[in-house]
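User: I have a structure open and would like to talk through some of its local features with you. Could we start with charged pairs and then move on to helices and backbone angles?

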Amino acid sequence: MHSNHLLLEEPIRMATILEPSKASFFPAMTKIVGTLGPRSRSVEVIEGCLKAGMSVARFDFSWLDGKYHQETLDNLRAAVKSTKKLCAVMLDTVGAEMQVVNKSENAISLQQDDNVTLTPDKGQEASSQVLPINFDGLAKAVKKGDTIFIGQYLFTGSETTSVWLEVDNVNGSDVDCKIKNTATLAGALFTLHASQIHIDLPTLTEKDKENISSWGVANKIDFLSLSYTRHAQDVREAREYLSKLGDLSQTQIFAKIENVEGLTHFDEILQEADGIILSRGNIGIDLPPEKVFLFQKAALHKCNMAGKPAVVTRVVDSMTDNLRPTRAEATDVANAVLDGSDAILLGAETLRGAYPVETISTVGKICAEAEKVFNQDLYFKKTVKYVGEPMTHLESIASSAVRAAIKVKASVIICFTSSGRAARLIAKYRPTMPVLSVVIPRLKTNQLRWSFSGAFEARQSLIVRGLFPMLADPRHPAESTSATNESVLKVALDHGKASGVIKSHDRVVICQKVGDASVVKIIELED
């Protein structure tokens with residue numbers, strides 16, 4: 001590999017490694033999505049998560065019901081109010097997920113070289129000999145020699161809590177398997193994954209639709225994480241469904257790539273979706289281990305060039321039970337940042353892990369260190385080259401704002417936006433300084449009542465790397481005379497000063513619309 005491809009800008013002096021990390025108002029430019037559950041649903045713990053750097057809360061509907069998640073969300077709202085830190089809400093669908101049903105919740109011990117039968121007869125009790133599953137068509141989908149993987153929610157890859165099975169024989173609707181490793185399955189729910197096999201289940205199930213139309217609508221969810229997205233059509237169908245649900249027409253859809261089928265159709269899925277979640281737990285089973293890093297690098301590059309947020313999962317599994325990540329995990333988080341990830345998604349680590357707050361804090365610190373050595377110069381050139389000429393008007397303004405900010409060593413870029421698109425385009429060029437996105441609400445009506453848009457747009461930038469939103473006063477529109485904009489600008493600058501991002505004599509780059517023209521200007525602050 002030629003040295004100009006290295007992501008580090010210059011050889012790092014060993015002395016800088018020994019310097020303590022400096023704390024800042026924004027723990028990192030890379031965002032952290034935390035999954036809230038049994039160990040992270042009290043107001044106190046959620047407050048800790050928000051202060052540590054969580055900006056999106058994920059609610060996983062594979063677990064428990066709307067009532068349980070509603071209690072957690074109410075606690076999140078109380079925590080947001082007390083910490084004054086914005087947090088977006090993501091609903092994660094169940095999708096085409098096969099599950100083993102263990103009603104008794106007793107631990108199940110499986111011994112290497114023994115046999116076990118998977119059956120769609122849910123009336124049977126789960127045991128070392130029989131595992132009832134929630135899918136009738138498994139026998140039709142698999143054949144002798146196929147691999148099936150069963151593990152606790154979010155398989156850790158640990159051979160003691162998850163099991164590999166090899167299909168031995170298909171017997172009517174039952175599937176007889178040989179156990180490849182000794183393991184103990186604990187809990188009520190284990191996910192079942194058949195490697196590289198098409199499972200004939202809908203991506204958006206009836207249960208998902210029920211959860212979205214009740215819980216999702218009531219809580220105006222910002223993001224829908226579409227599990228097991230396999231085709232662009234899956235995203236189109238989900239969008240069509242959301243468009244009929246009032247406010248949810250603004251909800252962004254993040255396609256979760258979990259298997260080879262989704263990987264094969266990645267380009268068309270990326271075109272349709274608002275963002276991508278690389279579900280490395282499942283895809284790590286479908287792909288040989290030596291190919292997983294290639295998938296990550298290629299997928300993140302495509303998302304970066306398309307200007308769509310990319311989220312990486314399964315980074316610090318060991319922190320579910322331990323206070324420190326392994327060396328490999330710490331390096332993995334940093335590499336995800338250097339590869340271009342917008343956000344890191346924590347699943348089991350915060351949902352049922354013993355150290356949810358510490359995990360978020362640790363991941364945030366690693367991200368911040370990796371951002372210091374991210375080769376912005378190389379990335380900027382690659383992005384400009386990819387976009388090509390002639391650039392669109394907005395793309396040109398966004399790239400110019402970033403170039404100007406870097407040249408004058410600005411401490412922050414302030415972007416006035418209504419839809420959030422301009423701010424996202426600026427963030428696409430990965431400036432080295434934070435982008436303060438000042439969302440100007442727009443007045444809209446449905447013939448029955450007036451309402452302001454803007455809250456969705458502000459919260460949806462909480463998953464984009466380097467983008468930090470604030471909602472402006474609706475009396476000061478973005479596209480207006482310079483006089484009113486000055487007052488919005490003052491509010492934005494005061495916010496920047498209060499958060500410690502801007503100091504006197506700093507330079508600030510401002511991107512705004514004045515009438516029909518887009519303007520990039522540089523200001524230097526006085527005392």
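User: Which side chain does arginine 236 meet in a salt bridge?

Analyst: Bear in mind that this is a predicted model. In it, the side chain of arginine 236 meets that of glutamate 272 in a salt bridge, at 3.0 Å from N to O. Arginine 236 belongs to helix H6 and glutamate 272 to helix H8 (residues 266-272), so the pair ties together parts that are 36 residues apart in sequence.

User: How exposed are arginine 236 and glutamate 272?

Analyst: Arginine 236 has a relative accessible area of 38% and is therefore partly exposed, and glutamate 272, at 27% relative accessibility, also counts as partly exposed.

User: How many salt bridges does the structure hold?

Analyst: There are 25 salt bridges in the structure. One of them joins arginine 58 to aspartate 92, with 2.6 Å between the closest N and O atoms. This pair links distant parts of the chain, since arginine 58 sits in strand S2 and aspartate 92 in strand S3, 34 residues apart.

User: Buried or exposed, that pair of arginine 58 and aspartate 92?

Analyst: Both arginine 58 and aspartate 92 are buried. They also take part in a network of salt bridges that links Arg58, Asp60, Asp92 and Lys256.

User: And what does glutamate 524 pair with?

Analyst: The side chain of glutamate 524 meets that of arginine 507 in a salt bridge, with an N to O distance of 3.3 Å. Glutamate 524 is partly exposed at a relative accessible area of 48%, and arginine 507 counts as partly exposed at 35%.

User: Switching to helices: what span should H5 have, going by its residues?

Analyst: Helix H5 covers residues 206-218, and at 1.5 Å a residue its 13 residues should span 18 Å, which agrees with the 18 Å between its end C-alpha atoms. The expected figure counts one less than the number of residues.

User: Which residues of H5 are buried, and what do they pack against?

Analyst: Asp208, Asn211, Ile212, Trp215 and Gly216 are the buried residues of H5. They pack against strand S2 (54-60), helix H3 (66-83), strand S3 (88-92), strand S13 (223-226) and helix H6 (232-243). Just after H5 comes lysine 220, with a positive phi of about 45°.

User: How about H11, what span does it have?

Analyst: For H11 (residues 327-339), the 13 residues should span 18 Å at 1.5 Å a residue, and the end C-alpha atoms are 18 Å apart, which agrees. Its buried residues are Glu329, Val333, Ala334, Ala336, Val337, Leu338 and Asp339, and these pack against helix H10 (292-306), strand S16 (310-313), strand S17 (343-346) and helix H13 (356-372). Just after H11, glycine 340 takes a positive phi of about 110°.

User: Where is tyrosine 228, and what is its phi?

Analyst: Tyrosine 228 is in the loop between S13 and H6, and although it is not a glycine, its phi is positive at about 55°. Most residues other than glycine have a negative phi, and most peptide bonds are trans. With 5% relative accessibility, under the 20% cut-off, tyrosine 228 counts as buried.

User: Is lysine 409 buried or exposed?

Analyst: Lysine 409 counts as exposed, at 72% relative accessibility. Its place is in the loop between H15 and strand S18 (412-417), and its phi is near 55°, a positive value in a residue other than glycine.

User: Which residues does the cis peptide bond join?

Analyst: A cis peptide bond joins glutamate 389 and proline 390, with omega at about -5°. Proline 390 is in the loop between helix H14 (376-387) and helix H15 (393-407).

User: Last topic, the surface: which residues form the nonpolar patch with Trp450?

Analyst: Leu443 and Phe452 form the patch together with Trp450, and the three have about 390 Å² of accessible area together. Tryptophan 450 lies in strand S21 (residues 450-453), and its relative accessible area of 60% makes it exposed.

Notes:
Residues numbered from 1 in each chain as written. Predicted model: local features only at pLDDT ≥ 70, side-chain atom pairs only at ≥ 80, totals over all residues. Heavy atoms only, no water. Helix = DSSP H or I, 4+ residues; strand = E, 2+ residues; numbered from the N terminus. Buried < 20%, exposed > 50% of the residue type's maximum accessible area, 1.4 Å probe, protein only. Contact = heavy atoms within 4.5 Å. Patch = residues over 30% accessible without salt bridge, like charges linked within 9 Å, V, L, I, M, F, W, Y side chains within 5 Å. Areas by Shrake-Rupley, 256 points an atom, 1.4 Å probe, with all protein chains shown as cover. Salt bridge = Lys/Arg side-chain N within 4 Å of Asp/Glu carboxyl O.
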